[in-house]
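Q: Could we go through this model together, beginning with the ligand and then turning to the helices?

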Amino acid sequence: MSDRNWSHLLDVPAFPQERYAKLADRLAALMKTQNDVLLIQAEAVLALEAVATSLAQPRLKALNIITSPYGAWFGDWLKRGGCEVVNLVAEAGRPITVDAVRRELNQHPDIAVLSLVHAESASGILNPLEEIVRLSREKGVLTVVDAVASIGGHSLDVDKDHIDIAVIGPQKSLAGPVGLSAISVSKRAWAMLNHGNAPRGSMLSLLDQKEQWLDTGRGILPGTPAPLEFFALEAALDRVEAESIDVSQKRHGLAATATRRALTALGVELWVPDEEASALVTAVKLPVAVQRADLVSQAKIDGSDISAAVGPGTDYLIRLNHTGLRANKEPVLANIKALAHALRHHGHSNKVDKAIEVVDETYSSAAKQ
Ligand SMILES: *Cc1c(COP(=O)(O)O)cnc(C)c1O
């Protein structure tokens, strides 16, 4: 046989069936929850669609907060299932305000479910999760949180905050594989998921997952699990646990702080103030008159990752990515250098040396603490 016919990625052994439950428990620990955790054999968007599809029924009214395309899709899936959806759309590229949420909840006392994204990788904002779930709880409203991007980058405490359903993915801040995801489900959420309209015999059915996996002793998952993804998840969790999730969050916070200080030193305007900013990506307004696509293609050096923001009304924003393994000094520096270089090309005079110094200082003073 020639070498070309052989690869580590082929002929993979089955993932040992006794280790699925262990994976779910390890994810539950990262989410800080005692709730049931389901393993979903698909990227996180499918887990979100499964939650919306499983919850939706004609007699249900939901407040769906939209701060990116993910939230818009969630509202559409709820509607498809016959749910009455009140979409609360934030100002373009901005977090939702607690006041706006309070107003809607007061105006629609029959709302039973509230859904929102925690931190947005699309635009670099952070929604005021704790206050919103507290408000929902006071009103007896079930909460669904998309924490796909935020877990590992921001503090997420499912039980302390009483989040009924949380969806996570390993591929953003946790720097893991993209092909699977997980959902935590509280007792209250199970009660609401158990209704006559719930999908059955479907990959989108949470009740199927419960009956076929949770209630049968959490052995092999229903369907045909993809072993490569599960081995990769295990490796990713080993790495996250070795660092600790709290240290991972601090590392993301530091990368965001260093990025933001360096951008200010460059004379570039930050899109949102610190308290509204996600630690995953930093969004800035283009400081010069230039086509965004041109600037993004020019702002490239080894190790940098700069892209256009995503979502309506964010046409003049670009994002510096410092998520996952990128939440480290070298990628942060690469982003700053790449942006400074591209901006200079368009006549924006900036002090790149000063910005690099600011990153150095931020990291060395954090190391002294
Ligand atoms: C990335 C992301 C998702 C979806 O993840 P996929 O891997 O694309 O399925 C969902 N929500 C948020 C907030 C995300 O950042």
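Q: What kind of model is it, and what cut-offs apply?
A: It is a predicted model, in which local features need pLDDT of at least 70, side-chain atom pairs count only at pLDDT 80 or more, and totals for chains, interfaces and linings use all residues. Residues are numbered from 1 along each chain as its sequence is written, and side-chain values use heavy atoms, with hydrogens and water left out.

Q: Which residues come nearest to the ligand?
A: Of the 14 residues around the ligand, these are Glu43, Ser121, Asp146, Gln171 and Lys172; a residue counts as near if one of its heavy atoms lies within 4 Å.

Q: How does that shell divide by residue type?
A: The shell has nine nonpolar, two polar and three charged residues. Here Ala, Val, Leu, Ile, Met, Phe, Trp, Tyr, Cys and Pro count as nonpolar, Asp, Glu, Lys and Arg as charged, and the others, Gly among them, as polar.

Q: Which helix gives the largest share of the shell?
A: Helix H2 (residues 44-55) does, with three residues; helices are DSSP runs of H or I with at least four residues, numbered from the N terminus.

Q: What lies 2.3 Å from an oxygen atom of the ligand?
A: A polar side-chain atom of Glu43 does. A polar backbone atom of Val45 is 2.9 Å from an oxygen atom of the ligand, and a polar side-chain atom of Asp146 lies 2.6 Å from a ligand nitrogen atom.

Q: And how much of the ligand's accessible area does the protein cover?
A: The protein covers 92% of the 380 Å² that the ligand has on its own, by the Shrake-Rupley method with a 1.4 Å probe.

Q: Changing topic, how do H11 and H12 pack?
A: Helix H11 (residues 329-345) and helix H12 (residues 352-368) pack at about 165°, with their axes 10 Å apart; axes are lines fitted to C-alpha atoms over the stretch in contact, and angles run from 0 to 180 degrees between N-to-C directions. H11 and H12 are therefore roughly antiparallel, a term for angles over 145 degrees.

Q: And H9 with H12?
A: Helix H9 (residues 245-266) packs against H12 at about 150°, with axes 8 Å apart. That makes H9 roughly antiparallel to H12.

Note on methods
Polar contact = N/O pair within 3.5 Å; in protein donor to acceptor, adjacent residues only side chain to side chain. Helix = DSSP H or I, 4+ residues; strand = E, 2+ residues; numbered from the N terminus. Parallel < 35°, antiparallel > 145°, perpendicular 65-115°, else oblique.
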